[in-house]
Amino acid sequence: MAPSLSSLLTLIVLLLLLCGTPGIQGLWRHVKTITDKNWKELLEGEWMIEFYAPWCPACQNLQPEWEDFAQWGQDLEVNIAKVDVTEQPGLSGRFIITALPTIYHCKDGEFRRYQGPRTKEDFISFINDKQWKSIEPLSSWFGPGSFLMSSMSALFQLSMWIRTCHNYFTEDLKIPVWGSYVIFALATLFSGLILGLIMVFVADSLCPSKRNKPQQYSYLKKPLPESARLLKKLEQKQVADEDHSDDELENKNPSKKDFSQTAMRQRIINPLSLVDKF
């Protein structure tokens, strides 16, 4: 008995599902998945990146348009990418994703946020007509490669790790919620104490206190300050000038002692002169 037409069609559909249709493979082949490990690829070339979440209704509505736009990526010479923020919380903090879906355009490391209509035609016009030039790029402070955004990414990853640990404590270990909070509070207190001790040790090493400095003994002769030296020189010079002036006065005006000696000599000489006359 020859197989019926319906059975042949069913067999063909099953084969297509097993092997995969070229159209479906082509859609997913043109959309690149970005993670924390390969996000630096965005710094080279031109990219259009979509940040989405599987549970987001707006992201689900955008998905067909984004996949259709991905087929034009090779013709437009632009890379089409996507980021699942539920799987990559670090990238969510690095790009400050506050709404879903969020689309970024990147050209040679300059990031611009796309806020236009979300249809395939609008995406194509945005790239083909270079409409991205009219948008101000992100500053270097808020760029994904800056120190500030790297710290924000680490903070988001830490928060996700804390959430995972909390779920492990409450679901797997069956610890009450308040017990999980107590564990995190003790861990925070202990880590704060350790960090404080490290900071005190570093500060004491860089800037030691005065008590640790060697004492200066009083019997050591301290050098005079420069001002005291100058003052002492001025006093010595003034004394020398006074002595010199006294010597000059003595040379110019004879003293009383010399005058008395001269008078006595005259008295001795004068009587002799009188005797001669007689």
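These legends accompany close-up views of a predicted model. Local features need pLDDT of at least 70 and side-chain atom pairs count only at pLDDT 80 or more, while totals for chains, interfaces and linings use all residues. Residues are numbered from 1 along each chain as its sequence is written, and side-chain values use heavy atoms, with hydrogens and water left out.

**View 1. Strand β2 (residues 46–52) and its two partners.** Helices (H or I, at least four residues) and strands (E, at least two) are DSSP runs, numbered from the N terminus. Seven of the seven residues of β2 are buried, so the rest of the structure largely encloses this strand; buried means under 20% relative accessible area, exposed over 50%, and partly exposed in between (1.4 Å probe, protein chains only). Glu46, Met48, Glu50 and Tyr52 point one way, and Trp47, Ile49 and Phe51 the other. Strands pair if DSSP finds at least two bridges between them. With β4 (residues 102–107), β2 pairs in the antiparallel sense over six bridges, and here Phe51 stands opposite Thr102. With β3 (residues 79–84), β2 pairs in the parallel sense over six bridges, and Glu50 stands opposite Lys82.

**View 2. Helix α7 (residues 147–172) and what covers it.** Its 26 residues reach 36 Å from first C-alpha to last, close to the 38 Å expected at 1.5 Å a residue (1.5 Å times one less than the number of residues). Look for the buried residues Met149, Ser153, Cys165 and Phe169. Their cover includes α5 (89–94) and α8, contact being heavy atoms within 4.5 Å.

**View 3. Phe201 in helix α8 (residues 177–206).** At 60% relative accessibility, Phe201 counts as exposed.
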